[in-house]
10 protein chains.
Amino acid sequence: MPDAKLLEAFPSPSDTPFVIEHIAEEFTSVCPKTGHPDFGVVTVRFQPRPAKAGGICVELKSLKLYLHSFRSEGIFYEAVTNAIRDDLAKLMQPMWLVIKTDWKGRGGIRSTIRATSGDVPAIWMA
Amino acid sequence: MPDAKLLEAFPSPSDTPFVIEHIAEEFTSVCPKTGHPDFGVVTVRFQPRPAKAGGICVELKSLKLYLHSFRSEGIFYEAVTNAIRDDLAKLMQPMWLVIKTDWKGRGGIRSTIRATSGDVPAIWMA
Amino acid sequence: MPDAKLLEAFPSPSDTPFVIEHIAEEFTSVCPKTGHPDFGVVTVRFQPRPAKAGGICVELKSLKLYLHSFRSEGIFYEAVTNAIRDDLAKLMQPMWLVIKTDWKGRGGIRSTIRATSGDVPAIWMA
Amino acid sequence: MPDAKLLEAFPSPSDTPFVIEHIAEEFTSVCPKTGHPDFGVVTVRFQPRPAKAGGICVELKSLKLYLHSFRSEGIFYEAVTNAIRDDLAKLMQPMWLVIKTDWKGRGGIRSTIRATSGDVPAIWMA
Amino acid sequence: MPDAKLLEAFPSPSDTPFVIEHIAEEFTSVCPKTGHPDFGVVTVRFQPRPAKAGGICVELKSLKLYLHSFRSEGIFYEAVTNAIRDDLAKLMQPMWLVIKTDWKGRGGIRSTIRATSGDVPAIWMA
Amino acid sequence: MPDAKLLEAFPSPSDTPFVIEHIAEEFTSVCPKTGHPDFGVVTVRFQPRPAKAGGICVELKSLKLYLHSFRSEGIFYEAVTNAIRDDLAKLMQPMWLVIKTDWKGRGGIRSTIRATSGDVPAIWMA
Amino acid sequence: MPDAKLLEAFPSPSDTPFVIEHIAEEFTSVCPKTGHPDFGVVTVRFQPRPAKAGGICVELKSLKLYLHSFRSEGIFYEAVTNAIRDDLAKLMQPMWLVIKTDWKGRGGIRSTIRATSGDVPAIWMA
Amino acid sequence: MPDAKLLEAFPSPSDTPFVIEHIAEEFTSVCPKTGHPDFGVVTVRFQPRPAKAGGICVELKSLKLYLHSFRSEGIFYEAVTNAIRDDLAKLMQPMWLVIKTDWKGRGGIRSTIRATSGDVPAIWMA
Amino acid sequence: MPDAKLLEAFPSPSDTPFVIEHIAEEFTSVCPKTGHPDFGVVTVRFQPRPAKAGGICVELKSLKLYLHSFRSEGIFYEAVTNAIRDDLAKLMQPMWLVIKTDWKGRGGIRSTIRATSGDVPAIWMA
Amino acid sequence: MPDAKLLEAFPSPSDTPFVIEHIAEEFTSVCPKTGHPDFGVVTVRFQPRPAKAGGICVELKSLKLYLHSFRSEGIFYEAVTNAIRDDLAKLMQPMWLVIKTDWKGRGGIRSTIRATSGDVPAIWMA
């Protein structure tokens, strides 16, 4: 069962804006309709608030365990994506957050869902 | 025969803007001029209206059956693309919709058609 | 309906052994169980008998029309592969014939079937 | 000899803006200096005027024959590119037109020429 | 729990030798040591006995369900590979069987295990 | 018109066996049936006779001009391949010669023709 | 131990704006938590101040030795990235500086960190 | 010795803006410090002034010979890039000019230098 | 310092021949001549003796720690390769063992070393 | 001027057979006919004689300098390949030696030359 309490954080190490991206290539959950497993790639991309504003970053190992907690969950693509966005936005209150999920094909159709919070920072364009 | 009535939808799960992309790699229809089969890839990309505004999303399996309904249809590349754009725009009245069709080569020329509805959302740039 | 009578041939142009390979990347038939379309790539590889022994080669356009004749046929992967092998072996009585079908994934599993007639010629190793 | 009279067109099927791209991967002409053949890829990308404004689209087969008409022509890279741009702009009077030619290397240098007419439409950014 | 009783088969459709390969790209089990999930690709390749000798082929959907039955199993790479080889060899008694498992990296090391039954047939070399 | 008299040669520089391969990626001829151009890649691979046995090698620039001489010729795939094999075998009387032609797709089918003369040398396996 | 004193510089050779990018594909440091080695790629991209304004560029060999000085250091991804940004910004006081670190996967998750100083110059868009 | 006098030009064939790109994949010079050869790829991209404004384009073969003139020159990456930019800007006085040099790795670090003259034209975005 | 005592093993799980391959993509040691770090990929491939003959397999995590023990060692490519072959052959006394090391380029030259023990098993050809 | 005296060697570190491969991706010489530079990749692959039989291996840095000595030499592809084979065979008297040169295209044709000494060892097949 997805469990946001698994998520831990550490203080952002800088006041200068920077961007972190974690790509988890081995995500799996269960289709609530058919009971068959779904497989996908989850990308988490964010700019933490500055250190002096109390900015924090999600800790990598806790993120892994949090993503594993979806393994037996019956949940749709769109719900997975919005749930991760909401849980991480609540945890970190970052300047910017993007969750992108890329799902392996089903019946010849593959899908990508993209949910965000906050505005794209200039640093991302560089 | 292409049949928009095959399309079903479910309520958008979020008020926060997000974008969905489905890529159907196994599309086929028939050239109305030569009777030979055409093969292509159909990309459907959209931002649903917010949940509180009655936003809806096309259901994946119904989309697959709808695309299969072109299998025996004699229809040109441009007409396929505009028809899918029109049917999905009518169904979902989304904030943004892009239909892109990439066709395998004929006589050494391969083609791509791109039709849209609504403006590119900021979220797509992230 | 698959129709071997669509196949035509022309006399082999040489007494010296040579090998021809045709790769049809846009094959489609129908799953007899689910009624859903199957998509694959069909490879036809053969060494004709020598010209002086009455060797013949399948004509390219007739091969295309023959493969199109499977478009509405409900037929399993294995049966497609063996049918093409049998029809072409009967037509050409070649020194060597390989039919390989590569099928797009279904439920996360993609398949390849390989059927042959005759022995691999030394020329193929070069 | 390049012959713009080979080009045919059909009425644009929509009033909503859309973009068409044709990629001809097998273009050849002759270098006027050395007499040696040149090989390249020609990309034609355009947004037709709306149907209600009398918009038209170049017909695919006629485009192929038009491109073949350069086969024995001694003509430089830049002239090929500008000639195709001029002929298609005159035929269709499109909202936007891009001709891009990518030439195989000569003496270790490969070249790309890009000529346009009209402004890049917003739809192309999607 | 891995369950060989999920496996079903159908009669081999031919007396002429042929080879079938199924590649399941979305396999997952659990590391018995750490409890963390393992992800890999399972390749099943075999030559059935001839139809007249009572040859049978594993049915594709039952193979999928059988592979899903490892999802919550704590089991090592080598044991997974040997278990699948043994279960399928027992089911089909094929002329030739290869099981290959390719595992995503752990700690910077990725692994491949390969188990077989019977001799490589000449047809595989073609 | 294909013209074997364009081919020139130079003495093999060594008595020790060695193998030369030339890959001409820009070959074009004309389909004798439709009059449309065909495009392909021609590979010439050979082991010359030893220098002391009067071995000779085809000269690179003359090979280029010889291949250009097919540009306006109406000729089938198989005939191109056998003609080049015969012309080069006659010129060099090499220990081993392979001609492979890879043709761009027509109607969704692409083809490869392979013709040889002499036996594969051990050196090729290294 | 990371040692900024290893860094050397030379005068920028031009008053006209230009951009330099160095990509070090063989960076390694040590995880301070587990003691296991981390491997990544470090990209350094900058626009020096104009020569007449005393602009300087980091010298390539000194950059290599500086990056090697992290080899036995226990340090987190984010700290590596910010340290390199700070050391190079202090050394060169460039118009623009980007440090990007791409880390090999750990536990199925790979990460990218991006830190900058100054605004993206127009020249970078070209 | 680099020799700008090797460069020749021809009149721009059009008043309508267009962009030319030449990519020389086989550039080599010598490191002035170590005497070892450097290898790189040089990209020259420019928009000539309109024909009616006396616009000219660098001639391809003369560009090749000019680039060869660096072969025995001891010169740094940054100096090569700025020299080519200056020589071509002086020759053509183009609307826009970009020189990009991509250098093979040395000691595990590969580099790219980018120098420009003039503003990016709208046509380049298409 | 390379330390074979770090290596652990577990009993081979089968009497039927099978092959295991581990690919460690993040190997680093130090050049004894220059003191600069070397980076490479180490492949370990082996067929254990049958279980009933006391066959054993190297344990994955211990292999990782063993490879890490070369991190500060000044040692040549050839010596690394032969040392790993000798240590693993001594540990497992396998039927077959291949060690392959692929080294990143130095001065424009990249290298591969391959050392073996025992004969290639038939199973490897499948 | 190619200079075999630049080559140095060190004693083979093992009595057990092993194979070494060096790939020099930045080779250049001069065409004796046109004076234009040629660029290629040189692969050196060999099995040294056993240590106890006085086996030696070419030293990597000396190999680099030796290959650089062809930089200003006017010499044909075939002669380069045979010269390197002869010089290294004389130096090392190895069990097996392969020299392979892959040349960038000239006039649309790219070439590969392969010269050997001794028989392919069983170890190479593994």
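**Exercise 1. How many of the nine residues of strand S6 (residues 109-117) of chain C are buried?** Then work out which strands pair with S6(C).

*Solution.* Keep in mind as you go that this is a predicted model.

Step 1. Start with burial. A residue counts as buried if 20 or more other C-beta atoms lie within 10 Å of its own. Seven of the nine residues of S6(C) are buried, so the strand is mostly covered.

Step 2. Look for a partner inside chain C. Strand S5 (residues 96-106) of chain C pairs with S6(C) in the antiparallel sense, over eight bridges. To find the pairing on your screen, go to Ile99(C), whose bridge partner in S6(C) is Ala115(C).

Step 3. Follow the chain around the turn. S5(C) and S6(C) make a hairpin with two residues between them. Gly107(C), in that turn, has a positive phi of about 60°.

Step 4. Now cross to another chain. S6(C) also pairs with strand S2 (residues 18-30) of chain E, antiparallel and over seven bridges. Here Ser111(C) has His22(E) as its bridge partner in S2(E).

**Exercise 2. Describe the side of chain A that touches chain B, and find how the two copies are related.**

*Solution.* 

Step 1. Count the residues. Chain A brings 16 residues to the contact, and chain B brings 20 residues.

Step 2. Assign them to elements. On chain A, helix H2 (77-92) and strand S6 (109-118) each supply at least two residues. S6(A) gives the most, with eight residues.

Step 3. Sort that side of chain A by class.

Step 4. S6(A) and strand S2 (residues 18-30) of chain B run antiparallel and are joined by seven bridges. One pair to click on is Ala115(A) with Phe18(B), its bridge partner in S2(B).

**Exercise 3. Which elements do the buried residues of helix H1 (residues 60-68) of chain I pack against?** Trace the strands around them too.

*Solution.* 

Step 1. List the buried residues of H1(I): Leu60(I), Leu63(I), Tyr66(I), Leu67(I) and His68(I).

Step 2. Consider the helix geometry. An α-helix has 3.6 residues a turn, so residues three or four places apart point the same way.

Step 3. Name the packing partners. Within chain I they are S2, S3 and strand S4 (56-58). From other chains come S6 of chain E and strand S3 (37-47) of chain G.

Step 4. Look at the strands of chain I. S2(I) pairs with strand S3 (residues 37-47) of chain I over nine bridges, in the antiparallel sense. Ser29(I) has Asp38(I) as its bridge partner in S3(I). The hairpin of S2(I) and S3(I) has six residues between the strands, and Gly35(I) there takes a positive phi near 80°.

Step 5. Strand S6 (residues 109-118) of chain E joins strand S2 (residues 18-30) of chain I through seven antiparallel bridges. Ile109(E) stands opposite Ala24(I) in that pairing.

**Exercise 4. What symmetry relates chains G and I?**

*Solution.* 

Step 1. Take the contact. Seven residues of chain G are in contact with seven residues of chain I. Strand S2 (18-30) and S3 of chain G each give two or more residues to the side of chain G that touches chain I. That side has two nonpolar, two polar and three charged residues.

Step 2. Superpose. Chain G can be laid on chain I by a turn of 180° and a shift of 0.0 Å along the axis, with an RMSD of 0.0 Å. This is the relation of a two-fold axis.

Step 3. Compare the two sides. Of the interface residues of chain G, 100% are also interface residues in chain I, so the copies meet through the same surface.

**Exercise 5. Is Gln93(B) buried, exposed or partly exposed?**

*Solution.* 

Step 1. Locate Gln93(B) in the loop between helix H2 (77-92) and strand S5 (96-106) of chain B.

Step 2. Read its backbone: phi is positive, about 40°, although Gln93(B) is not a glycine.

Step 3. Count neighbours. Gln93(B) has 16 C-beta neighbours inside 10 Å and so counts as partly exposed.

Notes:
Residues numbered from 1 in each chain as written. Chains lettered and ligands numbered in written order. Predicted model: local features only at pLDDT ≥ 70, side-chain atom pairs only at ≥ 80, totals over all residues. Least-squares fit on C-alpha atoms with pLDDT ≥ 70 in both. Contact = placed C-beta atoms within 7 Å. Helix = DSSP H or I, 4+ residues; strand = E, 2+ residues; numbered from the N terminus. Pairing = 2+ DSSP bridges. Buried ≥ 20, exposed ≤ 12 C-beta atoms within 10 Å, placed from the backbone. Nonpolar A, V, L, I, M, F, W, Y, C, P; charged D, E, K, R; others polar.
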